[in-house]
Structure formats: C-alpha cells, structure tokens
Amino acid sequence: MEKPWFEVEHYIGGEFVGGGNGFDVRYPATNEVIGTAPEGKEAEVDAAVGAAQEAFGKWGRMGAGERRLMLKRFAEGIRARADELARVESWDVGRPIRENTHGYVLRVAANIEFFADFVVTHGSDAYPMDTGYINYVLHQPVGVAGLITPWNVPMMLSTWKIGPALAFGNTVVLKPAELTPIGAWKLAQIAHESGLPPGVFNVVQGFGPDSAGAYLTAHPDVDLISFTGETTTGKAIMKSATDTLKRVSAEMGGKGPNVIFADADVDKAVQTSLRSSFFNQGEFCLAGSRIMVQRPLYEEFLEKFAAAAKGLKPGDPFDESTSLGSLIGPEHLEKVEGFLNGRSPAFHSGAEVRLGGDRPDLGAPFDGGNYLNATIVADVKPEDRISQEEVFGPVATAMPFDEEDEAISLANGVSYGLSAVVQTRDLGRAVRVAGAIDAGTVWVNDFFVRDLRVPFGGMKSSGMGREGGVYSREFFTEAKTVCLSNK
C-alpha cells in the first residue's frame, strides 16, 4: 500500500495551526516517517485555553437540546468518514485494519452521540421537605476541560472524554499522545466541518514534560483534567493539578487477572483469553493477560491456549488476514522484550516460555517494524516481576491455583485494580469472586463488553474517579442545590 503523508496541525479557536518546532510521525509497522506534527508549547496552550474560555461563555449557557444537535452532526461526520478513520488508526497505532472496521469507529461516534442524548434525556433530583421547602439540583458545566489521552486506542479514548465534556457544556483542549497525533487532527477536521463553534473544541499537539501536557495541567484557567495513561504520568498530573485546585479523573495502568475455574467451558475460556491477552497487541490497560487456572484444568487450558495463540498472524496491518499488529515503537518493543530476556530478569528459573518470546520474520518493509510474536509464559510465581508489572504487549502469563480463596488472593496481589475476568459455570462462585476482586470492572465469562451508562475507572494504582453515564455527569458538572420556599 502506498504510504500517505500527514501534515498534522493544532486546532485552536476554530483554525488549523502549524509552525513551530515539529516532530516526525512514524508508522509503527515499519518505523517509516509518514508525516510531521507541530510541538505545542506554552504559547499554543495559552491560545487554546483562551479560545476555550471565550467560547465557554456561550456554549455553557446554550440549551442542552441545541448542543445535542451540534454534537449529533459531529457524530454523523465521524460515521461518514468511518473508512478513512479506520485507516488512520492503523497508520497511527499499527493495529490490524480488521479490528478498526468491525465496530471501532462506530464506537468512536457513539461516545459523542450517547452523551449528546444523555444530557437531554436524564433529569435531575428534587427533595421535598416536610417543612414545606423543596430542594432541587442543577448540574452546571465546570469550564475548560483539559483532556489528555494515550496512544493505544486514541480515537476511542479521545471521544470517550470529548463526548461528555462537550455535552455537559464544558469547552475542551485535547492533548493527544505524541506517538499518535493523526487521529485527533482528523477529529478536529470533522468537528470543524460539523459546525462546532470556534473555541469549543481545541487540539494542541505535543509531548508531556516541558511541553503541551505539562503546560495544560498547570494552566490556571483549566478547570478540570481527564487523563488516561500510565500511572507515573498520572501521579505527576495529580500533583500539578493541586496547585490550582483542578478536579482530576485519572484512569491509569492495569494488571488484570483472568481467573479460570475448573468448571469453565475450556474452549470459550481460550477464546476469551485470546481477546483479553492479545487484543490491540496487548497494548491495552484492560488486558486480562495475568491468567490463573484451577489446577485440574491448567495443562489442558495451556495446551489449547498456546495452539490458538500460535494461529495469531503478525504482519501488514492493512492485510485483512493479519490478526496481530505491531507495537507502538522501538523503545516500547525493547521494554516488552526486557520482561523476556536476561537483561532484566522478570521471572524465576522455573517459569517456561511456552510460546513466542521472539520477533517474527516478516521481510521488508515490516522487518523494520515493532513486532513481537504472541507470547505465553507458564508457571510464573506471584512475586515475579512479570506478574506484578504492566507489560503492555502481546505477553500472557499463567499460573495454577487450587482453591477459590487462593484465586482471590492471587488476583488482588498486585498494586493495580482496573479490571478482571472470571470464568466459571457456577453462578454463586461468579458472584462471590467478582465481588471480592479489587477491580473497577469485572467481566464474567467474557471480556471488554462496555455499556456507556455504567461507571468506568480503577482502584488502587489504576486511578481515581469514575466516568460513564451519571458518573461522567458528576465529574464534568458542578452540582448546585437550590432550596425553594413555598412560604
């Protein structure tokens, strides 16, 4: 396929802006340069925040129904360009195109449309008092929202924040990850063509420290920050935000347990575990790649799981037969490989690499990309580094357990608590174990089923705050009580 060339821009105050120091945009599947993007600094952040502040005066007072119509046009624009956006996501991330064309872009649009509808279909609360007073609650926009998004599923996670922020009447400055700047630029084009007023939605490209990200989180006129990304970065953002008393919602890393009991449907468990371990090349904070299998099923599961994972095909992301894409960049590939080789011992000598652990031989030009074969490491110990730290690559670990209490203890034995998978035919056990695991979301006998109405977020080092449905309303609005006297 002929390589495109992307001249990525900022989008500030309704205008596309380039210039300044730029950086290369690379295609992860080959590491070839496919464009350039401008690095936003303090001046660009100031301009974007100023434009958002000015636009907030009108946007925040606008009726929810009027905002809804504009956001619906935005969502329709995304759907109309679904094929283009699917390709863009593969150029940006290196994800197989077939994962982008089966509902992914529709979810990008649905994130906008759901919250546009939510605001006008959900009322507020009223509390009559015996003394004759009535209290009612208003949900008013906060102001300028700084949205900082990661590189692994960039368009989906961007609109997951853009949708509620705008629907509830805030204005937005989006800072996408520097490794995946193209999708945010394309969303800005669609927002512009859809007629969103200037300044309502802004995009500043750039890096984190000493760049756009740091200036955005510290800016005194930014009222809230919604962040998804790595835990260390999230902690730095929280510290920066305290100086100006910003509210912060942070969804950070994960190390999801996938607990498989002996009574589980083994073939279904294998398929669920393939998705939870290797979706998006394992570059997924929700990944359930820390697999724990009850001992009677352990070897049978591993044999079938390895056979299925061996069938995952790395290669050209634009080939419909490719089922395992590239990792995001050379540094990240080396980090993932560091869990598997002697440079940084990640597991004790008893662990065994049952599958993979090596790079595929793909030939030019993909031999220059960031590929790792699907990897399974069996018989790890709970204390091993590979069991404790987020790998963020196509690497699954497996260990046996005997009793239910042991499974719960193993599941909770890490610093993260974002998501988990429980696989069993026993409904009572499913309820007990799901309730006992420290995780913001627990899937039973499936993986990555999302309802935009339910709360999403993590426990422990996986974050703070929840978004989705009324939980997004709590974060993106100020709740005001009005006490009305009938006397």
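The protein has 16 helices and 23 strands, where helices (H or I, at least four residues) and strands (E, at least two) are DSSP runs numbered from the N terminus. Its radius of gyration is 23 Å, close to the 23 Å that the globule rule gives for 487 residues, so the protein is as compact as a globular protein of that length. That radius is taken over C-alpha atoms, and the globule rule is 2.2 Å times the number of residues to the power 0.38. Please keep in mind that this is a predicted model, in which local features need pLDDT of at least 70 and side-chain atom pairs count only at pLDDT 80 or more, while totals for chains, interfaces and linings use all residues. Residues are numbered from 1 along each chain as its sequence is written, and side-chain values use heavy atoms, with hydrogens and water left out.

**Overall build**

- Taken along the principal axes, the C-alpha atoms fill a box of roughly 70 × 65 × 40 Å.
- Of the 487 residues, 57% count as buried (buried is under 20% relative accessible area, exposed over 50%, partly exposed in between, with a 1.4 Å probe and protein chains only).
- Among contacts (heavy atoms within 4.5 Å) between residues at least 6 apart in sequence, 75% join residues at least 24 apart.

**Two domains**

- The domain assignment gives domain 1 (6-252 + 462-485) and domain 2 (257-444); such bounds come from an automatic or database domain assignment.
- The C-alpha centres of domain 1 and domain 2 lie 31 Å apart, and 28 residues of domain 1 are in contact with 31 residues of domain 2.

**The largest pocket**

- About 1,300 Å³ of space lies in this pocket.
- Its lining has 45 residues, and the closest to the pocket centre are Trp151, Ala177, Glu178, Leu179 and Thr233.
- On a 1 Å grid over the protein atoms alone, a pocket is an open set of points where a 1.4 Å probe fits, with protein on both sides within 12 Å along at least five of seven lines, and lining residues have an atom within 4 Å of a point.
- Grid points are joined across faces, edges and corners, and a volume is the space filled by probe spheres set on the points.
- Helix 9 gives the most to the lining of the largest pocket, with five residues.
- By class, this lining divides into 22 nonpolar, 14 polar and nine charged residues (Ala, Val, Leu, Ile, Met, Phe, Trp, Tyr, Cys and Pro count as nonpolar, Asp, Glu, Lys and Arg as charged, and the others, Gly among them, as polar).
- Domain 1 and domain 2 each give at least three residues to the lining of the largest pocket.

**The second largest pocket**

- This pocket has a volume of about 580 Å³.
- Of its 18 lining residues, Glu99, Arg275, Phe279, Phe447 and Phe448 lie nearest the centre.
- Helix 10 gives the most to the lining of the second largest pocket, with four residues.
- The lining of the second largest pocket has nine nonpolar, four polar and five charged residues, with at least three residues from each of domain 1 and domain 2.

**Backbone spots to look at**

- Most residues other than glycine have a negative phi, and most peptide bonds are trans.
- The peptide bond from alanine 364 to proline 365 is cis, with omega near -5°, and proline 365 is in the loop between strand 15 (352-355) and strand 16 (375-378).
- Aspartate 210 has a positive phi of about 55°; aspartate 210 is exposed, with a relative accessible area of 61%.
- Phenylalanine 392 has a positive phi near 60°, but phenylalanine 392 counts as buried at 15% relative accessibility.
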